[in-house]
Amino acid sequence: MQARMKNPALVLPEALQALTALWKAVEAAGVPPATLDLVNLRTSQINGCSVCVEAAFTMKKDKADPRLYAVTAWRDMPHFSEAERAALALAEAVTRVGERGDGVPDDVWAEAARHYDEKTLAALILQIALENVWNRLNTAVRQPAGTPWA
């Protein structure tokens, strides 16, 4: 498979700068990096973004982390904390928001709010949205996994 074009964020460098600035703001907000990694991976799996799924594994320092391999079945696996489960449920709800008529369900929101204060919840939502942006950019141009962005 060959990409249809360069990644749009590379075509418009100002866009890449904005996305990078958003990522840095999220990273500084206090959500555990491992939680962000899990949210990114799950979001990318849902969206079928092979580039981002691959990146979740190749960029991870602890490649033996069983949560990486279990995240598709996180509801039934023992490897996740309650806070991680809340973050994953929120990631799924936000990513699939178009499939529901009422947006993010109240119970999903309440569980996430139980584990994250306003600042970290804001960061988590922004990270989910940002990962969805990257997924959509990559899938739109059919960026193949295992290749550098062109």
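Of the 150 residues in the protein chain, 39% are buried, where buried means under 20% relative accessible area, exposed means over 50%, and partly exposed falls in between (1.4 Å probe, protein chains only). What you're looking at is a predicted model, so local features need pLDDT of at least 70 and side-chain atom pairs count only at pLDDT 80 or more, while totals for chains, interfaces and linings use all residues. Residues are numbered from 1 along each chain as its sequence is written, and side-chain values use heavy atoms, with hydrogens and water left out.

**Overall build**

- The chain has eight helices and zero strands, counting DSSP runs numbered from the N terminus (H or I of at least four residues for helices, E of at least two for strands).
- With a radius of gyration of 15 Å, close to the 15 Å that the globule rule gives for 150 residues, the chain is as compact as a globular protein of that length. That radius is taken over C-alpha atoms, and the rule is 2.2 Å times the number of residues to the power 0.38.
- Along its principal axes, the C-alpha trace spans about 40 × 30 × 30 Å.
- Take the contacts (heavy atoms within 4.5 Å) with a separation of 6 or more: 69% of them come from residues 24 or more positions apart.

**The surface**

- The chain's accessible surface comes to about 8200 Å², and 58% of that belongs to carbon and sulfur atoms. Areas like this come from the Shrake-Rupley method with a 1.4 Å probe; for residues, only the protein chains shown count as cover.
- Val11 sits in helix H1 (residues 8-11) and is partly exposed, at 42% relative accessible area.

- Asn135 belongs to helix H8 (residues 118-141) and counts as buried, at 0% relative accessibility.
- Setting aside residues up to four places away in sequence, Asn135 touches Thr43, Ser44, Asn47, Cys49 and Cys52.
- Leu137 is in helix H8 too, and its relative accessible area of 19% makes it buried.
- Beyond its neighbours within four places in sequence, Leu137 is in contact with Asn7, Pro8, Ala9 and Leu19.
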